[in-house]
Amino acid sequence: MATARLVVAGVLMALLLPASDVEARTAIVKAGAGWKLEVDGQPYVARGVTFSGTGGPANFDRDCEQLKALGVNTLRTWGTGDETAALLDAAQKHGLRVLVGLWLRPGRPGMENDDAFDYVRDARGREAQLQATVAQVRRFKDHPAVLAWGVGNEVILNSPDEPSKVAYARFLEKVVRAVKKADTGHPVLSVDAWTLGIPLWEKYVPSLDAYGLNVYGRGIHALADAVKQAGGRKPWFITEFGAQGEWEVPKDARGVPLEPGDGEKYDVIVDGWRNALAPHVQAGRCLGLFVFNYSATLDHGGLWLGMLSGTSRRPAWHAVREAYTGVKPAPALPVPVRLEVLGLEQGWATVAFDVTSSTPLEVSFAYNFRGAPTRAERDRVTVLESRKGSTPGTWRVRLPVMTGAIKLYGLARDGTGNLVAATTSVAAPAIP
């Protein structure tokens with residue numbers, strides 16, 4: 001049976017030009033009851049990670065080489081900038097594609113660097129964003145590493161009220177149309193949390209070719225039904241994925257969110273790809289996955305969800321490899337068993353930290369304070385002074401002097417570059 005194209009993606013032009021003049025194209029192809037993503041006419045499933053990198057363009061070649069070895073074939077960025085060309089070049093060198101993000105400003109402060117934009121009233125600002133977006137598309141559209149465009153990230157989630165959401169959605173349709181006019185060769189999707197965007201996209205943004213859905217935790221097993229219930233009629237990518245996030249976990253007695261353990265973080269990624277998504281990839285509903293996040297930042301989000309922390313590999317690194325290639329870590333990763341504060345005395349905590357490991361470990365401790373006033377301070381992870389305790393498996397850890405409960409990390413590095421972590425909370429000594 002002949003298939004019909006959901007995204008034109010240069011097909012009509014291909015019929016008119018000699019084969020040697022046809023540039024590489026990406027298309028979403030309607031096939032039976034579902035869809036297929038095609039690159040250069042061949043089926044393609046995005047086995048991806050979101051990408052921040054480990055140190056800028058100087059490291060992009062090594063970053064892409066390492067990700068290729070994990071089975072990754074696609075990177076996702078949230079926006080474009082001075083580093084985009086270098087990333088695309090490195091990706092092409094290693095046979096990777098990039099879902100290129102086109103950043104649109106959030107509608108309220110507090111989430112994305114405390115920025116905010118009024119989509120209802122700021123007509124001049126809307127036009128400036130539109131023109132800047134189209135300029136970036138024109139700049140990069142002919143690069144062979146471009147897979148598709150991802151317009152906006154969780155703007156609907158980060159909008160203050162319904163009129164703002166509708167105003168943004170109407171503007172988004174204008175942006176999508178302009179992007180597709182500037183570049184007929186790549187599909188366009190927009191990204192939001194869970195299925196929040198689908199009703200608005202369906203009503204106000206008909207030009208989208210696919211949905212980008214940011215989903216975390218075991219709820220991914222319910223996603224396909226949620227898409228259907230939200231009125232979704234188009235294929236989708238999981239544009240961010242990982243363990244259950246801070247925003248949805250319960251809190252402990254001190255009000256600190258209970259972070260999942262490293263084992264759960266690992267299992268969620270492998271299970272999500274193999275069991276939750278595989279049937280929907282096969283049925284042509286899901287077009288790919290992007291695990292969050294490839295970055296070397298040692299901060300709160302990086303320790304919770306990242307593949308790296310500094311130069312050390314977190315369990316998510318190995319989970320991505322197992323999900324995409326079936327290869328398990330060898331030797332087995334260290335396993336945190338217990339992190340417990342046994343007592344407090346004169347600004348010091350006695351801490352028990354038990355880790356099962358087949359190799360010697362380097363142990364350290366750090367803290368994070370989520371009650372800080374700015375996002376940068378809320379994300380900061382600070383290493384604490386520590387020394388071995390009087391009994392095996394215990395340490396004395398100097399606590400910061402501040403008001404409020406802090407998150408305490410027990411960190412253990414093995415001799416092969418892996419870092420595992422356990423967390424608890426403790427009431428820091430109050431400021432006099």
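**Aromatic pairs, cores and a sheet**

Q: To start with Trp-201: buried or exposed?
A: In this predicted model, Trp-201 counts as buried because its relative accessibility is 2%.

Q: And Tyr-211, is that one buried or exposed?
A: Tyr-211 has a relative accessibility of 1%, so Tyr-211 counts as buried.

Q: How many aromatic pairs does a search of the whole structure find?
A: The search gives 13 aromatic pairs. In one of them, the ring centres of Trp-201 and Tyr-211 are 5.5 Å apart and the planes stand at 20°, so this pair is stacked.

Q: Where in the chain do those two sit?
A: Trp-201 belongs to helix H6 (residues 198-204) and Tyr-211 to strand E10 (residues 210-214). The two residues are 10 residues apart, and their pair links distant parts of the chain.

Q: What about the rings of Trp-273 and Tyr-324?
A: Their centres lie 5.4 Å apart with the planes at 90°, so this pair is edge-to-face. Trp-273 is in helix H8 (residues 262-282) and Tyr-324 in helix H10 (residues 315-325), so the pair ties together parts that are 51 residues apart in sequence. Both Trp-273 and Tyr-324 are buried.

Q: Which residues form one aromatic cluster?
A: Phe-51, Phe-60, Tyr-294 and Trp-317 make up one such cluster.

Q: And what sits over the ring of Trp-35?
A: The charged end of Lys-30 does, 4.9 Å from the centre of that ring.

Q: Changing topic: in the largest nonpolar core, which residues touch the most other members?
A: Leu-75 and Trp-236 do, in a core of 76 residues. Helix H5 (residues 162-182) supplies the largest share of this core, with 10 residues.

Q: What does Trp-236 touch?
A: Leaving aside residues up to four places away in sequence, the contacts of Trp-236 include Tyr-211, Leu-213, Leu-277 and Arg-285.

Q: Now the open sheet of four strands: what is its order?
A: The order is E18-E17-E21-E22, and the pairing is antiparallel. Strand E18 (382-384) and strand E22 (419-427) are the edge strands, each pairing on one side only. From one strand to the next, the twist averages 35°.

Q: How many bridges join E17 to E18?
A: Three bridges join strand E17 (residues 362-368) to E18, and the two strands run antiparallel.

Q: Which residue stands opposite Val-383?
A: Ala-366 stands opposite Val-383, which is in E18.

Definitions and conventions
Residues numbered from 1 in each chain as written. Predicted model: local features only at pLDDT ≥ 70, side-chain atom pairs only at ≥ 80, totals over all residues. Heavy atoms only, no water. Pairing = 2+ DSSP bridges. Axes fitted to C-alpha atoms, helices over the stretch in contact; angles between N-to-C directions. Phe/Tyr/Trp six-rings, centres within 6.5 Å; stacked < 30°, edge-to-face > 60°. Buried < 20%, exposed > 50% of the residue type's maximum accessible area, 1.4 Å probe, protein only. Lys NZ or Arg CZ within 6 Å of the ring centre and 35° of its normal. Core = buried A, V, L, I, M, F, W, Y, C linked by side-chain atoms within 4.5 Å. Contact = heavy atoms within 4.5 Å.
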